[in-house]
Amino acid sequence: MASAQQLRAKSDFEQLPDDVAISANIADTQEKRGFTSHFVFVIEVKTKGGSKYLIYRRYRQFYALHSKLEERFGPENKMSPFTCTLPTLPAKVYVGVKQEIAESRIPVLNAYMKDLLSLPVWVLMDEDVRIFFYQSPYDSEQVPQALRRLRPHTRKVKSQSRQGAPLDRLAAPRAEALFDFTGNSKLELSFKVGDVIFLLSRINKDWLEVRLEGTVRGTTGIFPLSFVKILKDFPEEDDPTNWLRCYYYEDTISTIKDIAVEEDLKSTPLFKDLLALMRREFQREDIALNYRDAEGDLVRLLSDEDVSLMVRQAQHLPTQKRLFPWKLHVTQRDDYRVYNTAP
């Protein structure tokens, strides 16, 4: 079996698509809220094509990526000739102040990403690695706070693809120009109909940052999405934001509010965390949490066991994308008129 060092002896770094990440450094941590608060790492990514952007990742996303890479490329995989020594990921921590835990992980995660992006090209081109470092629509919509620590960039990677398997540049996200476009500023990229354009990052829903291949090879800039046909879009990355539908009762009025929660749809919150979240959202302490049972009656939640029962009973209900199957009914704590008290 050839070793990773042997396969990297002759570099084909220049054959890599321009959207491949070559450095990633944590600029800061930022607090986010799900059912409880958690911290994400704000990561500045630089690509081979020179593009820079920010992505937001939780530790559990690092852990999920590392688990997949160990399965595919770790030395325990005896079925694949393309194994290598993976960097060490810091272990999970279950006790401690969340912000302090996140801060202490910055240097080791920076070292992890540097070593990861120095691995052979077949790892860099792995779909899960590329998705991890892509700027998703969720990332592009985030507004970063003041970044305290911008780390120096790592050097360019020298790597090689699998022997006998040249890299396919058409695997990169790309588009074809449908019309001629003349940029109105130095940032905007001019192109001709039929030009092939490699997608580097998403600026917003209407504009993308790209690298033009063809008549003006190597030119980078931004362009309007409406002028091109997408041949291969950015890989989809799960948006961590899901929505919890709440019905809020006050006197005789009921209103609906969807609350953004960065948690998996299958997760079950603790009762105290759910109550604290609702108190923050509705700015009231004297509230009670309820769910509607199979008979249509409201049932008050009082414990973790009640919450688990609510979640289990909602598993058979029709689901909507990005919406929790269970719904909360938020009432005033001393208002018992909402309950069915008929014998």
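I take a residue as buried when its relative accessible area is under 20%, as exposed when over 50%, and as partly exposed in between, with a 1.4 Å probe and protein chains only. The model is predicted, so I kept local features at pLDDT of at least 70 and side-chain atom pairs at pLDDT 80 or more, while totals for chains, interfaces and linings use all residues. Residues are numbered from 1 along each chain as its sequence is written, and side-chain values use heavy atoms, with hydrogens and water left out.

Entry on α8. I looked up helix α8 (residues 304-313), in which Val 307, Met 310 and Val 311 are the buried residues. Seen down the axis of α8, these fall within an arc of 95° (taken from the directions from the helix axis to the C-beta atoms), so they line one face of the helix. Their cover includes α7 (271-282), β11 (287-292) and β13 (328-332), where contact means heavy atoms within 4.5 Å.

Entry on the sheet. I found an open sheet of three strands in the order β1-β2-β3 with antiparallel pairing, a pair requiring at least two DSSP bridges. The edge strands, each pairing on one side only, are β1 (21-33) and β3 (52-57). Between β2 (residues 37-47) and β3 I noted six bridges, and Val 45 stands opposite Tyr 53 in β3. Helix α2 packs on the sheet, touching β2 and β3, and its direction makes about 95° with that of β3.

Entry on α2 and α3. I read an angle of about 35° between α2 (residues 59-73) and α3 (residues 98-116), with their axes 13 Å apart. Among the residues that meet are Phe 62 and Leu 69 in α2 and Leu 109 and Met 113 in α3.

Key:
Axes are lines fitted to C-alpha atoms, for helices over the stretch in contact, and angles run from 0 to 180 degrees between N-to-C directions. Helices (H or I, at least four residues) and strands (E, at least two) are DSSP runs, numbered from the N terminus.
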